[in-house]
Amino acid sequence: MKATVENGELKSIEGDVDNPDSRGFLCMRGRASKEIIGNAERLLYPMVREQRGTDGWRRASWDEVIERIGTKLESIEPKAFGIWMGHGDSATNNGTRSGSQLAKRFAHLYGSQWWHPAMICWGLGGFGLGITGVLEVNTKEDMSAHADLIILWGANIASQPNTGRHIKAAKKRGARIITIDIRDSEATARADQHYRLAPGSDAALALAIMHVLVKEQLTNDEFIAQHTLGFDALREHVEQFSPAWAAQHTGLAAEDIVRLAHEYAGTPRAVIVMGGSSMHRGANGWNSARAIACLPALTGKLGMPGTGLGERHGAATHGHGLGTLVPETPSACKDIIPDQMASMLDAFDAGKIKALLLNGTNLLSSFADVNRAERGLDKVELIVCIDLFMNETLRRQADIILPATAWLEQLGAKMTHTHLYLMEQALAPAGQCKTFAQFLRALASRLRVDDFFPWADDAAMYDTLFDHPSTDHISITELRAMGGIKALSVSQHAYPTHAYATPSGQVEFYSERAKSLGLPPLPSFEPEPTPASYPLRFRQGRTLNHFHSFYDHGQALPTMRKHGGQPTIWISVADAAKRAVENGAPVRIFNQRGECAAAAMVTDKVPAGTVWMRDGWPDLNRLTNGDACLPDAATSIFAFGVGQSLFDADVDIEKLPKTS
């Protein structure tokens, strides 16, 4: 973005045409971001209340809230204090994660809990990829220049708008675009072929493709011999997963599955862009990524331009990285609660967490099984929330609210897969807003946490982060001199040396590591039970005009409120007819866990038996399953937390009477 400021006032925001990632494009969320500044609903002062669930807020000073928090923390063990970072903190440091690293540093030194934010998003897919050994991605620039086939597998460009122009460029060059999704998304309109499959069946489709590749000898035997482990076991394993078998689970015709396998195998330069979050929600969540990750290795499509896996949220290019703010010494926490949603809620419910700091998160919107989350939070004695606007977690559960600076009101730095960006402070903080670093420094001082912030200022802290080969060890002074933009020293395609991050150093079709955790050592698929009492499979994802529950579900920003102002459930024409539901009718979505109100969108863009909704709405996750996907031991294998809940749900829908 380019922000124009005159006399301390924000005049305009526009796309930066010189930005190598966006080339001046701003999505709707970017265009609406000007409305954060000067917004009458913005949180501007620290506030406290004596009783939750009331409107009895009063303004407090920073000295008072720091003292209240410090006094509470001194009365409990450090391990009973937890820090959960939402994605709202990333507005100023996406990719560099300075806020999250500072929080982890505090927890590490003080001995409190810190849970990885990736568990709410891409971490579960990352686990499947990591077990296989293919976490790295080719860049979007490589894809647009070299790929002849792009498969958008559960990947909607709504969540990665800067990728859109590269898909368009590749198509103009002659590349074919295939989309695989449970609905007709925004990406479908650009596709040459769309495969609409049943929810949770991605792994079944990938296994059937493997069956065709192996049976018809469409594999790259030389690559398999040199760079993979466990092919003989995989070959025997996939015999059972024929296209006819997969047709029963995916809803696709067997011949369509064969055609897809042939096209992928027959296109030397083919790339798969995999979804980052939504497609990994359900009983087969991580298995989908595990199975898909095997396809490039089976066909020798790794380590070369135009192949492998394309950019997705949370991924890294080869050589990509940063320095760390976290000490190398062991954490001072005496009893670490795993990076697992279910484990966090268990700890809340058991009274193990007495104080909780929530930064930039609406936990009651983003966690599955909200009813259970509410019960757990009720048992936490002190909840401190940092944010820009109110949301239901703050309204229902917070005891103290701290006002956060917006992205223009502090120094920041972002990093994409290919570039590092400096975000200079352009405005003075509104009201009494403070940066997260300022708050943590004050709290660390109050609690006498030695050596928490050894840097002279935030700029020096960023110098530590930038001290990495991918940035050429650049300093913030040097980055400023370059205009705030630095191309990273990374490979445009993944695994140029074919060194894979597994115990064997190879792509692992068969994983002893998975087996040791009690997980299937080979890619697998478990059919979801047929819905009975609640006959509709519920899934959620993203749209172009909204993103999770930021800015009080977008309702605080006029542009977002105008273009996405109410929860909407996509329902097929056949399913709507059975329930006498017309397009636009108010409906109640319900199951054994809870209910959610929405407006019906009757459409042929979802198959019968499936309903779909944009994520982040209040009460949506009252419907979803909060059970763990993985054993606790699995959450410590990778640097990112992976303990996401299942998030699946079977529901039914009934029409509500219209209100006058």
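Author: Helices (H or I, at least four residues) and strands (E, at least two) are DSSP runs, numbered from the N terminus. Keep in mind that this is a predicted model, where local features need pLDDT of at least 70 and side-chain atom pairs count only at pLDDT 80 or more, while totals for chains, interfaces and linings use all residues. Residues are numbered from 1 along each chain as its sequence is written, and side-chain values use heavy atoms, with hydrogens and water left out.

Now to the pair itself. Helix α2 covers residues 62–74 and helix α17 covers residues 436–447; their axes come within 10 Å and cross at roughly 50°. Angles under 35 degrees count as roughly parallel, over 145 as roughly antiparallel, 65 to 115 as roughly perpendicular and the rest as oblique. So α2 and α17 are oblique to each other.

The crossing also has a hand. A crossing is left-handed if the near helix is turned anticlockwise from the far one by less than a right angle, and right-handed if clockwise. For α2 and α17 it is right-handed.

Who actually touches whom? Contact means heavy atoms within 4.5 Å. On the α2 side you'll find W62, I66, E67, I69, G70, T71, L73 and E74, and on the α17 side F439, A442, L443, R446 and L447. Sorted by class, that contact has 8 nonpolar, 2 polar and 3 charged residues. Here Ala, Val, Leu, Ile, Met, Phe, Trp, Tyr, Cys and Pro count as nonpolar, Asp, Glu, Lys and Arg as charged, and the others, Gly among them, as polar.

Look again at I69, one of the α2 residues in that contact. Leaving aside neighbours within four places in sequence, V384 is in contact with I69, L356, L357, L358, I400 and L402. V384 belongs to strand β13, residues 382–387. With a relative accessibility of 3%, V384 counts as buried (buried means under 20% relative accessible area, exposed over 50%, partly exposed in between, with a 1.4 Å probe and protein chains only). V384 also lies 8.4 Å from N359, C-alpha to C-alpha, though the two are 25 residues apart in sequence.

Terms used: Axes fitted to C-alpha atoms, helices over the stretch in contact; angles between N-to-C directions.
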